[in-house]
Amino acid sequence: MSRHTKKHKFQTVLALDSSFMPMVEMPRRKALKAMASGRAHALDLQTWNKMGWAEVASRPFHAVVFPKAKAVSEVKLGFGRGSGSVFKRDAYRCQYCNAKGTTLDHVQPRCQGGLSTWTNLVACCLSCNQRKGGRTPEQAGMKLLRPVHGPRFQLFERFRILTEEAV
Ligand SMILES: [Zn+2]
């Protein structure tokens with residue numbers, strides 16, 4: 001892979017809100033359009049300054065800031081899109097035993113006040129789900145195989161890597 005293509009390994013850029021909170025990934029083309037209409041500007045991840053058009057033309061950019069936008073909090077992102085996304089996040093694996101995860105488990109059970117949020121739901125196989133019942137993992141003597149991530153975790157990760165690479 002040439003250096004040039006490596007720099008463009010992402011066909012998308014990160015859209016950040018006014019406080020540099022990652023909101024979504026968007027096609028570079030769409031980001032340029034938003035920049036052209038004055039709704040967004042490219043961000044220099046080294047200096048955290050706005051990049052001018054000359055800079056944008058001369059080197060790649062990976063993040064655009066929408067100064068008027070405010071990212072919806074992860075909790076409020078809630079669950080409207082359905083459970084499919086949780087299964088996808090967990091790669092359809094039970095988060096307690098790594099078997100095929102076909103059911104959803106409330107980590108903090110609903111009967112103990114647990115909510116249907118991204119970070120409280122995990123994919124779970126039927127037998128683990130039945131074993132756990134209305135208990136927390138601790139109460140049931142079970143352990144999550146990995147930390148439960150919110151829907152934007154990948155974006156935060158990408159942002160972290162980008163800012164580290166920029167130093
Ligand atoms: Zn299981």
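Analyst: What follows goes from the whole chain to its nonpolar cores and then to one strand. The model is a predicted one, and in it the protein has 8 helices and 6 strands, which read along the sequence as α-β-β-α-β-α-β-α-α-β-β-α-α-α. Of the 167 residues in the protein, 21% are buried, and among the contacts with a separation of 6 or more, 59% are between residues 24 or more positions apart.

The largest nonpolar core has 13 residues, and those with the most contacts inside it are Leu-16, Leu-43, Ala-63 and Val-64. At least two residues of this core come from each of strand 1 (12-16) and strand 4 (63-65), with strand 1 giving the largest share, 4 residues. Val-64 shows how this part is joined: leaving aside its neighbours within four places in sequence, Val-64 is in contact with Val-13, Ala-15, Leu-16, Ala-31, Ala-34, Met-35, Ala-40, His-41, Ala-42 and Leu-43.

Apart from this core lies another, of 10 residues, including Val-86, Leu-121, Ala-123 and Cys-125. Two of these belong to strand 6 (residues 121-124), from which Leu-121 and Ala-123 point one way while Val-122 and Cys-124 point the other way, and all four are buried. In a regular strand, side chains alternate between the two faces of the sheet. Strand 6 runs antiparallel to strand 5 (residues 103-106), to which 4 bridges join it, and within this pairing Ala-123 is the bridge partner of Leu-104.

Note on methods. Residues are numbered from 1 along each chain as its sequence is written. This is a predicted model: local features need pLDDT of at least 70, side-chain atom pairs count only at pLDDT 80 or more; totals for chains, interfaces and linings use all residues. A nonpolar core is a set of buried Ala, Val, Leu, Ile, Met, Phe, Trp, Tyr and Cys residues joined through C-beta atoms within 7 Å. A residue is buried if 20 or more other C-beta atoms lie within 10 Å of its own, exposed if 12 or fewer, and partly exposed in between; C-beta atoms are placed from the backbone. Two residues are in contact if their C-beta atoms, placed from the backbone, lie within 7 Å. Two strands pair if DSSP finds at least two bridges between them.
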